[in-house]
Amino acid sequence: MIDNIKILDTKVLSDNWYVLRKITYEYSKRDGTKLTQSREAYDRGNGATILLYNKEQKSVILTRQFRLPTFINGNETGMLIEACAGLLDKDNAEECIRRETEEETGYKITEVRKIFEAYMSPGSVTEILYFFIAEYNKEMKINDGGGVEHEEENIEVLELDIMQAMRMIESGEIKDGKTIMLLQYIKLNNIL
């Protein structure tokens, strides 16, 4: 399809929170024609997400928190129900998701299983998201969760029946892509 991709120029447009770059590149089409294009790419680092599930109760742990981008794009309250997630920073994906699970949900999980990885918005964002699942039980609850205070996360922890969570996708109460993918994985693979 395309070949001989060469970066010609990279300009940083913003590095306020994460990094937005304008990249000019050249490539050859299959017929040998060379083209030059410019695109913007947002680099916010890579992340990890996890769905906690309980086989006995047929339940999952999700979170609810304010997400400004959803608010400015029509979500009246800005609140979003989603699976626990976080940026890797300098950690590997499994270390990250263990830390985030404890901070956000209050559960100290024992075994995690990576199920896949995916680019979530490859047309504009560089991030790869690593997807995990893990079983939980009441004995693993070591604190209330809710996020790290100095990060002002203000996270509400939700324990939902799996069928209720699936209905919430249909009703539009759950609109987060990573969460929908994880819930569907759990159902498609007969885990719950």
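Author: Helices here are DSSP runs of H or I with at least four residues, and strands are E runs of at least two, numbered from the N terminus. By that rule the protein chain has four helices and ten strands. This is a predicted model, where local features need pLDDT of at least 70, side-chain atom pairs count only at pLDDT 80 or more, and totals for chains, interfaces and linings use all residues. Residues are numbered from 1 along each chain as its sequence is written, and side-chain values use heavy atoms, leaving out hydrogens and water.

Reader: What pattern does the protein chain follow along the sequence?
Author: The order is β-β-β-β-β-α-β-β-α-β-β-β-α-α.

Reader: Why is H3 called oblique to H4?
Author: Helix H3 (residues 162-171) and helix H4 (residues 177-188) pack at about 130°, with axes 11 Å apart. Angles under 35 degrees are roughly parallel, over 145 roughly antiparallel, 65 to 115 roughly perpendicular, and the rest oblique. The angle therefore makes H3 oblique to H4.

Reader: Which residues make the contact?
Author: With contact meaning heavy atoms within 4.5 Å, H3 contributes Ile162, Met163, Ala165, Met166 and Ile169, while H4 brings Ile180, Leu183, Gln184, Ile186 and Lys187.

Reader: How much of the protein chain is buried?
Author: Buried residues (under 20% relative accessible area, 1.4 Å probe, protein chains only) make up 40% of the 192 residues.

Notes. Axes fitted to C-alpha atoms, helices over the stretch in contact; angles between N-to-C directions. Buried < 20%, exposed > 50% of the residue type's maximum accessible area, 1.4 Å probe, protein only.
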